[in-house]
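Here is a short briefing on a protein structure. Take a look at it, then read the points below.

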Amino acid sequence: MKRTIEIMVWPKLRKDLEFRQTLDSLSVKIQDYCSTLRIESQNEGHYILCAEWHNSEQMRQMLQSKEFKILAGAVMVLCQKSEIRLDGEPFKQEIAQLSII
């Protein structure tokens with residue numbers, strides 16, 4: 001069964017460059033875990049990360065990876081706001097909680 005995660009983040013003022021650098025350095029490694037990974041930079045100062053997997057096991061591998069933990073830490077420290085959708089439904093917990101689903 002196909003699985004998807006959409007993560008929308010709004011970096012804190014003056015942290016956009018630092019967040020973008022972190023995202024750029026992790027994206028290639030994170031892509032290795034995903035069937036599809038799309039990262040969009042929005043004009044309003046936020047980013048949208050869309051990841052897709054063929055099954056739950058592939059998704060779990062990425063969510064438990066070192067690279068995802070670094071990304072989750074960057075979101076929690078460098079962003080003022082984040083919104084997550086898991087398989088199209090709102091995920092009401094912090095990004096770090098994705099690693100235990």
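This is a predicted model: local features need pLDDT of at least 70, side-chain atom pairs count only at pLDDT 80 or more; totals for chains, interfaces and linings use all residues.

Residues are numbered from 1 along each chain as its sequence is written, and side-chain values use heavy atoms, with hydrogens and water left out.

**The cavity**

- The structure holds one cavity of 30 Å³ or more. A cavity is a set of points, on a 1 Å grid over the protein atoms alone, where a 1.4 Å probe fits but cannot get out.
- The volume of the largest cavity is about 90 Å³. A volume is the space filled by probe spheres set on the points, with grid points joined across faces, edges and corners.
- Its lining includes Ile5, Ile7, Leu23, Ser27, Ile30 and Phe68. Lining residues have an atom within 4 Å of a point.
- β1 (3–11), α1 (16–31), β2 (36–41), β3 (47–53) and α3 (66–78) each supply at least two lining residues. Helices (H or I, at least four residues) and strands (E, at least two) are DSSP runs, numbered from the N terminus.
- α1 gives the most to this lining, with three residues.

**Arg3**

- Arg3 sits in strand β1.
- Arg3 is buried, at 14% relative accessible area. Buried means under 20%, exposed over 50%, and partly exposed in between (1.4 Å probe, protein chains only).
- The side chain of Arg3 makes a polar contact of 2.8 Å with that of Ser56.
- Leaving out residues up to four places away in sequence, Arg3 touches residues including Trp53, Met59 and Leu86 (heavy atoms within 4.5 Å).

**Cysteines**

- The whole structure has zero disulfides (pairs of cysteine sulfur atoms within 2.5 Å).
- Cys50 is buried, at 12% relative accessibility. Its closest cysteine sulfur, in Cys34, is 11 Å from its own, too far for a bond.
- Cys79 is buried too, at 7%. Its sulfur lies 15 Å from the closest cysteine sulfur, in Cys50, so the two are too far apart for a bond.

Terms used
On a 1 Å grid over the protein atoms alone, a cavity is a set of points where a 1.4 Å probe fits but cannot get out, and a pocket is an open set with protein on both sides within 12 Å along at least five of seven lines; lining residues have an atom within 4 Å of a point. A polar contact is a pair of N or O atoms within 3.5 Å; within protein, one must be able to donate a hydrogen and the other to accept it, and residues adjacent in sequence count only if both atoms are side-chain atoms.
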